[in-house]
Each structure stands twice: as structure tokens, then as C-alpha cells.
Amino acid sequence: MKKRVRFFLRRSTKVEIQAERKIIIPFKFATLLLLTVSGAISLFLFLRSDIFQINKVELTGKIPNCATEEGIKLTTEAVGRSIIFFNTSASKDGILKKFYCIADIKLSKIYPVTLKVAIFERIPIVAAARSQSLPEIAAATTSATTSAVLASPSAFFAVDIAGVIFENLSQNTNLPKLYLSENLTLGAKITDFAILWVLEFLEKSADYNLSFLEFTKTQEEVLLGRTKDGVQLIMSAKTDPGKTAASLQAILREAKIEGAKFSILDLRFEKPILK
């Protein structure tokens, strides 16, 4: 009889302990969850507080003509926003979309309340203009210069290596001239393959200290150019612009050494033709 009672007491105690555990464990979990949620909310509110609120936008770099300091600052839409959660990528896209004369920008968060904006302006590589009358390829086989058969353009525009038209220029600019048949609009981007070839050719030519007066496209892939020494150039957009620039530099250097004179240089073929 005593053994049965002991057995009963042992089972009863075990049941009570299990019952206690079932009550205590959920209570601890709920408390921990509540503390975690409360802590997260408190941290979120702290990070969103005035302590981390942007109140200053600093600009570095030259501000181009199409923009103003105040205009760029307003376009960032940064003042009054939390520096922790501020989306710099979206702000950058907004600035570049509005101010076409800015090539790139870099936004940096300076904690706790400052946004730094580094501006990189576009560098003009050529002065483009629309002309009512463009020369035929036959004009390049004479001693007449390209400009002699071009109507006087009304306005020039700065174009960078990417083909973006971003600024009005004076006709007295020292940049090489590029004459086009289509209308030019500020903020637009040139997509013509042959014209983009000219831009890359000019970039490569800078490595050889070559100087040019003007360029124009006569046919789909044929381009006319003129050096500052008056040599008429005939080129093809099918060739490699870097190799064409290197070939031109080598020919001009050799001609100078030998005292050779020519007025027309056709670079469309593997073996250049001099006239």
C-alpha cells in the first residue's frame, strides 16, 4: 500500500512541474518579444530624430552654366530628411536628369547632418553646328576647304565625348568645328555612329598633339576634316579611330622631316593616299 502511494505522489509532482513549465515558458517568450519590438521601435525613432536630420548640403567642384548652386541643392531633396535612410542613388539620378551639363556627381553622407555633393562637369571636345549646306565627297578631291562650301551656321553647341549637347558656344571658340545636317538641341545626345566616331577620333588624336579646324559628314560613313595646317582629310567611320589617329600622326611627322607637301590625305584605305 505504501509503495502505491509513493508512486502516486511521484507522478503528481511530475505533472505539477510540467504544468508550471507550460505557464512560465510562454510568459518569458512574450516578454522577450515585447522588449525586442519596443527596442526596435525606439531605435527607429531615434535614427529618425532631428539628431540625424540633414540640415546642410555642401557642393564641391565647378558649377556648370546650366545649373545654380541653389538649384542643385534643392534638387537633392535632402534637407529635412534622415541621413540614415536618405537614398543617394535616387537623388543622384534626379540631379543628372535635370542638369544635362553635369557629367557625373558623387554624394557622400557626412554624419550626423551633412550631405556632400561632388560635381564633375562635362568637358567639350568639339563645337557642333547645324549647316544648311554640307559638302559632297567630290569637294574633298579639290583644294577647296570644307568651310568654303558650308553655309554660315547660326549657333555652336558644346559636345562632350559621350555625344551630349550641353552648352551654347561663341563662334570664336577654339574647339574644332563639327557641321551637321540635323537640328541641335541642348540636353540631347548624338547617336549617329559616324559622328560618335569623330568624337572618339578627336579623343585619340589628343595623345598625338594633333590639332583640327573642322569636320563634317558627307555620306553615311565618309567624313571630311581639316587640320590647322590646312590639310584636307577624308576618313571612314568603318576604320578604328585610334589607328587612324596614329596613322595621321606618323604621316604628318614623316612629311615634316622630308619636307613633303600635300593638301589632301585620304585615310579610308589601308594605304593612305596623298595628293
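**Helix packing and local features**

Author: The axes of helix 4 (residues 193-205) and helix 5 (residues 241-258) cross at roughly 50° and come within 8 Å. Helices (H or I, at least four residues) and strands (E, at least two) are DSSP runs numbered from the N terminus. This is a predicted model, in which local features need pLDDT of at least 70, side-chain atom pairs count only at pLDDT 80 or more, and totals for chains, interfaces and linings use all residues. Residues are numbered from 1 along each chain as its sequence is written, and side-chain values use heavy atoms, with hydrogens and water left out.

Reader: How is the angle between helix 4 and helix 5 classified?

Author: Two packed helices are described by the angle between their axes and the distance between the axes. Axes are lines fitted to C-alpha atoms, for helices over the stretch in contact, with angles from 0 to 180 degrees between N-to-C directions. Angles under 35 degrees count as roughly parallel, over 145 as roughly antiparallel, 65 to 115 as roughly perpendicular and the rest as oblique. Helix 4 is therefore oblique to helix 5.

Reader: Is the crossing of helix 4 and helix 5 left-handed or right-handed?

Author: A crossing is left-handed if the near helix is turned anticlockwise from the far one by less than a right angle, and right-handed if clockwise. Helix 4 passes helix 5 in a right-handed crossing.

Reader: Which residues have a positive phi although they are not glycines?

Author: E77 has a phi of about 55°, and N209 also has a phi of about 55°. E77 is in the loop between helix 2 (69-76) and helix 3 (88-98), whereas N209 is in the loop between helix 4 and strand 8 (212-217).

Reader: Are E77 and N209 buried or exposed?

Author: Buried means under 20% relative accessible area, exposed over 50%, and partly exposed in between (1.4 Å probe, protein chains only). E77 is exposed because its relative accessible area is 55%; N209 is exposed because its value is 69%.

Reader: What can be said of D229?

Author: D229 lies in the loop between strand 9 (222-227) and strand 10 (232-236). With a relative accessible area of 72%, D229 is exposed. Its C-alpha atom is separated by 8.8 Å from that of L213, 16 residues apart along the chain.

Reader: Where is there a cis peptide bond?

Author: The cis bond joins Y111 and P112, with omega about 10°. P112 belongs to the loop between strand 2 (102-110) and strand 3 (114-121).
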